[in-house]
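Visitor: Hello! Could you walk me through this protein chain, step by step?

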Amino acid sequence: MGKRALLIQLARLGDLVQTIPAVTALKEAHADWMLDLLCPAHLQDIGRILPGISTVVGWDGTEWSRRARRAEKEFRPEYVVEADADIRAVTQEPYDYACVLNQHPRAILAGALLARESMGAIIGRPLDQALSPWAGYVRAIARDRRANRIHLADAFCGMCGAHPPRDVPPIPVRSVPLPHDLDPIGQSSGPWIGLLVGAGAPERLIPVTVWAEVIAGCLGTLHGSRVVLLGSGEERERAVWIQTALSSSLVGRVWDTTGRLSLTELAQTLTRCQVVIGADTGPLHLAAAVGTQVIGWYCARARVHETGPYGQSHWVWQAEGIDGQAGETIQPTQWPIEETIALLTNQPVASVPNWSLWNSHRDRWGAYYVQAGQEPVAPVEREQIWNDLHPTAV
């Protein structure tokens, strides 16, 4: 009989999407495994569309945090009863394996409580906190900011004891009805361009005036084009300011969906766009996962080689020299606006001071990026890293 395994990913949307290669790799290596997913409760709908996942279980992080704070003030036996009930609601019988992809104690503890054996973030017992080779590598890269050519999604594969999958097809998105006034999105001729108006962290935000220039350039250059503004309810004000900066003749070609779409509706909308442009944020990675080409603007501490959109033929503008003293992020003074429009029109792309342009590829070791204008030759150190950290995968 096959084994029961639980993949534990308790981080944000982008990290959840980046687990898709690990899910695919695990199913390739263990076709008889039943693979379930434990993820944040508000991301369950996305978890359900990931191919290879049998059951999705939501983790209410807010409730667990509240329970922990309450126990710190005054411990009562009923708190343990409540926690035990939540654990048993996930599974009555422990899983054979837990694949823990987060180094946070809550994920490590969840793996220990829900499965007989854990792999991924740590080795040994849960409280030992001895990182596995792959988890140690990921932490060292984040801490030391040293050169790296292993994509985070492929490191997740290594943490699960698997080699990157042979192929990562777009995730199938079930057709869902959009709000009636938004249903025409993607239905008419001409390119539909999705623009992510916000980002998960303030330092990743692109100024609204810059986005307004991008929109004006796209609508003025691409015949019959439309722009779809995408974002959460917290980003509605940014969307309004962007539209305020546009001429009245262009506003009618801009569709504002900010704060109006569920995650499944967002995924559906992303499939209707020919290209999506945005900072390094969860919806950008979701767009790549559903098969839409993306252009990323990475202007904070995120780096293309670790968290660039996964797949082939995506573009990323990487800001150079942006780290100030003590890790301070310095925002660029010049932005690749005309050059991004040149990408959309297949025109020659000029260089931009303090920016580099990268294009995505895949091979047997996973995803990698090559600087524009160079031959798509994979960095040689990737194979050596896999040999060192994961000799059984070669």
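Guide: Welcome! This is a predicted model, where local features need pLDDT of at least 70, side-chain atom pairs count only at pLDDT 80 or more, and totals for chains, interfaces and linings use all residues. Residues are numbered from 1 along each chain as its sequence is written, and side-chain values use heavy atoms, with hydrogens and water left out.

Visitor: How many helices and strands does the chain have?
Guide: Helices (H or I, at least four residues) and strands (E, at least two) are DSSP runs, numbered from the N terminus. Counted that way, the chain has 16 helices and 15 strands.

Visitor: What is the radius of gyration of the chain?
Guide: This value is taken over C-alpha atoms, and the globule rule is 2.2 Å times the number of residues to the power 0.38. For 394 residues, a compact globule would come out near 21 Å. The chain agrees with that, at 22 Å.

Visitor: What percentage of the residues is buried?
Guide: Let's set the cut-offs: buried means under 20% relative accessible area, exposed over 50%, and partly exposed in between (1.4 Å probe, protein chains only). Of the 394 residues in the chain, the buried share is 51%.

Visitor: Among contacts between residues at least 6 apart in sequence, what percentage joins residues at least 24 apart?
Guide: A contact means heavy atoms within 4.5 Å. Among the contacts in the chain that span at least 6 positions in sequence, the share joining residues at least 24 apart is 62%.

Visitor: Where does Asn346 lie, and is Asn346 buried or exposed?
Guide: Asn346 has a positive phi of about 55 degrees, although it is not a glycine. Its place is the loop between helix H15 (337-344) and strand S14 (355-363). With a relative accessible area of 70%, Asn346 is exposed.

Visitor: What is the relative accessible area of Asn354?
Guide: Asn354 lies in the loop between H15 and S14. Asn354 is not a glycine, yet has a positive phi of about 70 degrees. Asn354 counts as exposed, because its relative accessible area is 55%.

Visitor: How far is the C-alpha atom of Asp60 from that of Arg48?
Guide: Asp60 is found in the loop between strand S3 (56-59) and helix H4 (61-73). Asp60 is partly exposed, with a relative accessible area of 41%. Arg48 is twelve residues from Asp60 along the chain, and their C-alpha atoms are separated by 17 Å.
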